[in-house]
Structure formats: structure tokens, C-alpha cells
Amino acid sequence: MVCEKVDKLGYKELKDLRFQIDLKQDYSFALCFWIYLPKSTPFPCTILHQLHSDNPFLALGKDKRVILSPSSSLHEESAVIPSVILETEFPLEQWVHLGCEVCCNVIRIHFDGKVMGEQSVSSSDCQNLMTVTLSARHEGFDSLDGYAYNSEVLRSTSIKNHYVKDPPLQLCIDSASASDIELESDGIWNIVGGKVSCRKKFSVDVLLLDAFGQPRHRDFKVVASLIYADDWSPVEKAEENAAPLLVIYDGLEFPSRDKPIKIFEGRASFKMYISQLSSKCENKLFRIKFDVPEIGNYPFFEAFTPPVRCISSTSNGGNMSTITWKKLPSGIHLFNGSSSPQYAVGHSELQSKAICETKPNPPSKRVKFGEDTPMENTKADTTAKQHEEECNSYTVPENEENYGSIDDSGSDSESAGAKTSELKNTPCNIELLSDLTIFRYCLGSFSERSAMLNEISVAFSEADIADMAEKVAFFSGCTHHRHQITIVKGLLEEGEKVWNLISRGSQKIHWDDVVFVIEEQFMRIACCSTRALTQQDFNFLRRSSGGRDYLTKDDFDRMWCWLYPVAYTISKHEINLLWASTSSKWIEGFITKEEVEYALQGPLGNSDPGTFILRFPTTRSWPHPDAGSLIASYVGSDFSLHHRQLSLDYSAGMFDSNPKPLEELLLSELELSRVIRILINAITHRTNKMQLTNIPSAQHSRFTNGCYDPQVVSCKNHVLRPEDLLL
């Protein structure tokens, strides 16, 4: 029954893999399949035998490299059999796509969609074999343990498409989702458990991902169980005959094996207790095993946590953190502050999560899970620091941007459509304007905010979301949040629309096939048909999406969370005029802080004071409050470089009260006098030349020898109020 279900999903045991191929007139064929081999795989070994020959068709050598050796003759004992060897070692315990292409003049081996080995052969080697039979089983040989998926004989030109089309699935732990867990320096999870009065709830998510790391939805139910880490046997019941592992569902506790959790959008979220202490089990370590019983015991549909030590609350120590609110002083002016009320988090022993958690004992080398644990493409800053940065985010601190890379703290390297919060796993029950929701958003990490906004965008109207944005702006004291909340519907809907347009149902798309569509959609959203994206812009977008040849949904979402806020900002009338300007280039393309500083420094030192460049911050992605903002990078009066953010809140009617164009408002700032443009050599990307933009003669009169003359310009009307910040 179980085997039938797995077989219907396209999976099979490797021993059942078999190909019977009717050869074409030119005696050529191609086949491909996904293969999963366990750690126990012996080397050397044969994957596929060719039944018309004693020579293996596909094998693994002693050095763990794949060898393709097709034999075309029934009697080739004296013949030299052509072969091609894969350059890299074959990975175990993960899905790998293999493609074999056999022609009369060449043989090729494809590894994960790419040709990784090729060998020319003589056409005279081709014999009149009309049928070739390849099988994982062969008389006199032991069958190799492993699994195969989606095996198919096809034309060689389709191997790459086969790789992309329908990848296999695998269950894994999302360590980033784990909470209320202490992480020891040796990687062991410490969880407080035991009796009902002492144990603490913890949570962890299980992901169903395809071979490309994309979440996939299936009607599977995942079950958790507690096992010993040394021999993988089940942990016995705790005292009072309680199940060793309990799952919390709708506020009730269930034995973990009795309450499976359904996968929703590629994720199953578990909230659990451990009732059995390690001290009651000879101080043994545990693991939590997740599997899908309805499918069977297949290693790729099982996932295990790191070793777990279940401790009592007395051995954990530490107190709950307390959170208070305090009012911060307000500021004034375009670059230098906000006159609106500002509130921030005051804290006592506040941990890096906004949620109150236990504090590790000082002598211990434990760290709170999800706090200081290094993760790829994320920043582990404390919530207090994060909030302080946001409430002062009208100024972009110097030396804080990462050159040429996007700050993924807003997405945690995850798809905008599949975030790491349990909010996506349940029907929307958020009270949008409640204090709890507002504070939760203000104190949450970027990934938690993104997940909240994903759910809210579906369940509430734009008017409701706008009301929430106002409350968040007020209570956080940071009006920049307002903009990121109000654009959520457009960002997600446009992103889904663009992805469907470029992917056409595929999981991965070659970068060259998407650039023009992305450019077209960017120009449409930005409401600008006169300025196209440059090759430099495309290079940056490719880096921001991961820099790979193929674009996945997660890669696209990461790029889109940066690109959409920029396009939305450009769509505003005053910004649009500057972006579309051809006589003078007021806003540079997608350039990094490093490139701007290189240009402002010049070959003979820094440029004159007041020289500036307008750009978009390349390290800020939605829902970061600075996403899509404009930065003025300029040379100060002390000849040092500064980076300040412009406050351009159209919701406050700034340009209604001030009829002056934006370029005139910029030049009325004491710190800014002349804008320059950057010419980047397309070959070296390092030969930067500066050209003074043509400024109308009336504005030239404001300068004396290229420096700002305060006696010429009146600065009485500073309408770019800090409370009007738009980020």
C-alpha cells in the first residue's frame, strides 16, 4: 500500500530502475533520472548494468566519481570501451540529477542539468543493436540501495528541461524557525522539560522542499517523535505514564504520535513539550524525528533535529526579560531628525528576540537559538539595536552598508510568498488595530514583519492596512514604517504577476530569459518609458538575486523586495522627473556605496565640498523601513564623505505646500551644491570618471568656484521636514 503511494508520486527503489530503449536510426539515445544514495553506499559500485554486456553502463568509482561507459557491441572483450568520468565527487544523502547522452560520435554525462563530462567516440564503434536494456539489477551482483525519481528516456536536448521541470522532494528542519531553545557551543539543543509545572514550550518548523530548496505544498501530514540520539530507538514514557513528547494543537496537548501536523505551503509548524528529562535516562541525548507515516520510511521523507538535552528549569536559570516603553527626544530638519513623537523599546536584560526568553547562565557558552547563531544572508542584530536604527533611519550611518549586496534581514533568504512564520499556516485571526498586533509588528524581526504583512495583505482592505500603518508609525515613532506597510498589496500582487509571466510554470529560469521582462515591468511600475535599465543595473540585480545562472522563486522574491520599492518611489511625480531627466542625470542607477565613494574621492582626493550623488541604498529591502529611499552621498565641508537619507513623504502634501521643484529644494540644502554623474567603463568596472551635470545658469549663480556660497542662497524655506520621511 505504502509502496504503491510512493510509486504514484514518481519515487521508486533504485533496484527497480530499468530502461528498455529502442534505438534510433543513428543508434543514439539519452536518459535521465534523479537519484538518492544513502551514506552506507559502498564504493566502487554499479548504478546501471547493460544486459547485453558485462561492462557497467553507469557506475561509481573508488574516488566517488561517476563513470559512464556505454557498450555498443555484444562481443566487445577485445574492444576499447569509451568512457567519460565526472570531475566532482558524487554527494550522498541528497537528490542528484543524472543525464546520460549516447551518440555514435560522442558520449556526455549531465550532472544537475549541466554537461560535466564529454568524450568523443568513433562512429565505427556503433553496431546494429536495435534495443538496449539497462537495469539496476543484474545476475551475480547485489542491488545498490538507494532511490530513483522521474526516470525517463528522451531526446538529449530535453535533459536540461527535465532537470528543471519536476524536482523531487525532501523533508528538512528549518533551524531559523526554532524558538525557546538554547544552543550549546557543541551544537546541542538545550530544552527545558519535565513535569507540567516546570517544562517550557518550544517550537520548530519542518519544511517540505524540492531539490532546488523551494517550498512545495503536498497533502502530507508530518508526525514528530522522540528518539535516542545514540541508537535511534524510541524514548520510553516519562513519569506518570506521560508521552515523552507532546504536541500543542489549538491550546490542547496530545501525544506527538497521535497528532500529525499538516503541511501548508511547504511548512509544518510544531509547538511541543518534552516530558522526559535526560537525567532520568542515564543522561542520554535525544533527537526529535519528523516523518510522514502515510508514505513510509524513506530517508528523504524523514528529518532529525540536532542532539537534544532535556533539562529541568532549575538547571537552566535566568529570569524572564521585561519590556517597557519610553519616549525618545524628537529632532528637526531634513537630514538631522524628526519632530514627530518617537517611542522606542526600553529593556532590562533584553535578549535579541522581541519575545521574552530565558537568559543563559553567564558561565555557560550557550547562545539563544535564533539570536547569535550565524546564518547565511542574515544579520543577527538585537531587536533593541534594530529598533534604534529604524527610529533614526532618516540618516544612513556611514560605513554601515554592505558593498554590492542586499541586506536580506527583511527576507532571511526566504521567499516573500513563503515566510518563516506560523501565521501562514493558520486562518487569519489577527485583530489588525489591536495594541498586541501593533507592538508585535514594532518588536518583530524583519522576517516576522514580512510574514505578518503577507497574511494581512490577503485578509484586509487597503484602508484597514493604511490605518494599521498609521498606528505603527505613531507607536514606533518611525514614520518610515508607514510606507512599507501600505505598499504590501502592490508588492506581492505585482511580484506574483511578474513571476508567473517569466516562469510559465517552471521552477527555475535562466537569467538571460528574464532580464528584458524585468526591465519592462520595472519601467511600467516606475511610470517611466524614457529611461531603460543599463547593463550595470542588470549586473546589480543579478547579484542581488544570488548571482546564479538560473533564477528560482526565492531568488526572484529577494530581488523583487528590493526592486519594487525603488520602482514605486520613482513612480512619484517629482522623483520621476529627476529619474527621467536626460539633459542632466540627477539620480544614478543601481550603484553601491563603494562605487559612489570611489567616484567622489576621485584620482586626486575628495571632490569639492557640496559635491553629491543621488542613489538608492543597495542594502535595504522590503520591509526594511529604508527600502526604496533616496540617499544623498556628498562631500562635507570637512572634505569627508557623508551619506544621508532624503525625507520625501508625499502623503504629507510636501509639494503642495512648496511649489519649488525637487532639484531646487535639494540645492537649497547647505550640505549640497552640485550633483555629479558617474561614467563606468564597461570593461573594468573600476575606471570611474566624473562629469559635472549641467545646472541652469540661475543655479550656477549660487556657487563661487564650485563651492556653495551661503550669502547667495536663502535657506529660509526648509520644507523637507523630518517628520515627512518616506523610506
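Predicted model: local features only at pLDDT ≥ 70, side-chain atom pairs only at ≥ 80, totals over all residues.
Let's start with a term: two strands pair if DSSP finds at least two bridges between them. Strands themselves are DSSP runs of E, at least two residues long, while helices are runs of H or I of at least four residues, and both are numbered from the N terminus.

Okay, an example. Strand 4, residues 45-50, and strand 11, residues 131-135, pair in the antiparallel sense over 2 bridges. Who does Q50 bridge to in strand 11? The partner is L134.

Residues are numbered from 1 along each chain as its sequence is written, and side-chain values use heavy atoms, with hydrogens and water left out.

The peptide bond between F43 and P44 is cis, with omega about 0°. Another cis bond joins W622 and P623, this time with omega about 10°. P623 also sits in a loop, between strand 30 (611-615) and strand 31 (631-635).

Now the whole chain. DSSP gives 17 helices and 36 strands. Of the 727 residues, 54% count as buried; buried means under 20% relative accessible area, exposed means over 50%, and partly exposed is in between, using a 1.4 Å probe and protein chains only. The accessible surface comes to about 32300 Å², and 49% of that belongs to carbon and sulfur atoms. Those areas come from the Shrake-Rupley method with a 1.4 Å probe, and for residues only the protein chains shown count as cover. What about contacts, meaning heavy atoms within 4.5 Å? Among contacts between residues at least 6 apart in sequence, 71% join residues at least 24 apart.

Next, the inside. In soluble globular proteins, nonpolar side chains tend to be buried together. Here we call a nonpolar core a set of buried Ala, Val, Leu, Ile, Met, Phe, Trp, Tyr and Cys residues joined through side-chain atoms within 4.5 Å. The largest core has 65 residues, and F522, L541, I587 and F590 touch the most other members. Which helix gives this core its largest share? That's helix 12, residues 553-571, with 10 residues. Take L541 as a close-up: leaving aside neighbours within four places in sequence, L541 is in contact with W511, I518, L533, M559, W562, L563 and F590. There's also a second, separate core of 48 residues, including I181, L245, I274 and V292.

On to the rings. Phe, Tyr and Trp rings (for Trp, the six-membered one) pair if their centres lie within 6.5 Å; planes under 30 degrees apart count as stacked, over 60 as edge-to-face, and the rest as tilted. The structure holds 36 aromatic pairs. One of them is F556 with W560, stacked at 5.5 Å centre to centre with 20° between the planes. These two are 4 residues apart in helix 12, so about one helical turn separates them. F556 counts as buried because its relative accessibility is 0%, and W560 counts as buried because its value is 4%. W560 also pairs with Y564, tilted this time, at 5.8 Å and 40°. Again, W560 and Y564 are 4 residues apart in helix 12, so about one helical turn lies between them. Elsewhere, Y11, Y36, W95, Y147, Y149, F220, Y298, F300 and F301 form one aromatic cluster.

Some rings have a charge over them, which here asks for NZ of Lys or CZ of Arg within 6 Å of the ring centre and within 35 degrees of the ring normal. The charged end of K508 sits over the ring of F212, 4.3 Å from its centre. R449 does this with Y441, at 5.4 Å.

Last stop: backbone angles. E93 isn't glycine, yet phi is positive there, near 60°. E93 lies in the loop between strand 7 and strand 8 (95-102), and counts as partly exposed because its relative accessibility is 37%. E282 has a positive phi near 60° too, in the loop between strand 21 (267-274) and strand 22 (286-291). Is E282 buried or exposed? Exposed, because its relative accessibility is 68%.

Definitions and conventions
Contact = heavy atoms within 4.5 Å.
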